[in-house]
Amino acid sequence: METSMTKTRKFNTKTLTLIGVMTAVICIMGPLSIQLPISPVPISLGTLAIYFVIYVLGMKKGTISCCIYLLIGFIGIPVFTGFTSGPAKLLGPTGGYLVGYIFMALICGFVVDKTNNIFACFSGILLGTAVLYLFGTVWLAYQADMTFMAALAAGVLPFILGDLAKIVIAMIVGGQIKKRLRRAGLI
């Protein structure tokens, strides 16, 4: 009985630590961004961090990590693009992309949890990214009083190639980290 509780306690500590470390990765990379003159949406390393976290942790733990990141930013710690934070950022023109992280994490993580096939994982991450784009585009169009197509042109089209590169990087680096964490018995 005692051994079972010890294993459970260690597992919970490991899980919480992994979630905390991965949340920190998002918080460190999330503010790093470049504002484009053609778009109200900046190029951000936040999506790369989310892809990486989801690929390593999977749906449940990765989504929790993503939600903690959003809560940290919501309460005022400057972890969003350009070192911004607060409710106004979540309700502003790019808030749909931030909220879309949750749905992207759920979709991408679900696929990553269900298969080891690299092409299926890539496709699942693309689907999650499309959902992120949808949330962000709809909210940007509403907030900036733009048509859906204008919001799509400003908030998605300039980022597609960069996001494809981020997905590949996250899968390569995340795959290596995931192998090492498995070997160490941490996941």
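**Exercise 1.** How many of the residues of α2 are buried?

*Solution.* The model is a predicted one. Helix α2 covers residues 46–57. A residue counts as buried when its relative accessible area is under 20%. By this criterion, 12 of the 12 residues of α2 are buried; among them are G46, I50, Y51 and L57.

**Exercise 2.** Determine what span helix α2 should have, and compare this with the model.

*Solution.* The expected span is 1.5 Å times one less than the number of residues. After the helix comes G58, with a positive phi near 85°.

**Exercise 3.** Which element gives the most residues to the largest nonpolar core?

*Solution.* The largest nonpolar core has 43 residues, and I50, Y101 and M104 are among those with the most contacts inside it. Elements giving two or more residues to this core include α2, α3 and α5. The greatest contribution comes from α2, with 10 residues. Beyond its neighbours within four places in sequence, I50 is in contact with I26, C66, Y101 and M104.

**Exercise 4.** Describe the largest cavity and its lining.

*Solution.* The volume of the largest cavity is about 240 Å³. Of the 17 lining residues, V41, P42, T47, Y97 and Y101 are the closest to the centre. Helix α5 gives the most to the lining, with three residues. By class, the lining has nine nonpolar, five polar and three charged residues.

Definitions and conventions
Residues are numbered from 1 along each chain as its sequence is written. This is a predicted model: local features need pLDDT of at least 70, side-chain atom pairs count only at pLDDT 80 or more; totals for chains, interfaces and linings use all residues. Side-chain values use heavy atoms; hydrogens and water are left out. Helices (H or I, at least four residues) and strands (E, at least two) are DSSP runs, numbered from the N terminus. Buried means under 20% relative accessible area, exposed over 50%, partly exposed in between (1.4 Å probe, protein chains only). A nonpolar core is a set of buried Ala, Val, Leu, Ile, Met, Phe, Trp, Tyr and Cys residues joined through side-chain atoms within 4.5 Å. Contact means heavy atoms within 4.5 Å. On a 1 Å grid over the protein atoms alone, a cavity is a set of points where a 1.4 Å probe fits but cannot get out, and a pocket is an open set with protein on both sides within 12 Å along at least five of seven lines; lining residues have an atom within 4 Å of a point. Grid points are joined across faces, edges and corners, and a volume is the space filled by probe spheres set on the points. Ala, Val, Leu, Ile, Met, Phe, Trp, Tyr, Cys and Pro count as nonpolar, Asp, Glu, Lys and Arg as charged, and the others, Gly among them, as polar.
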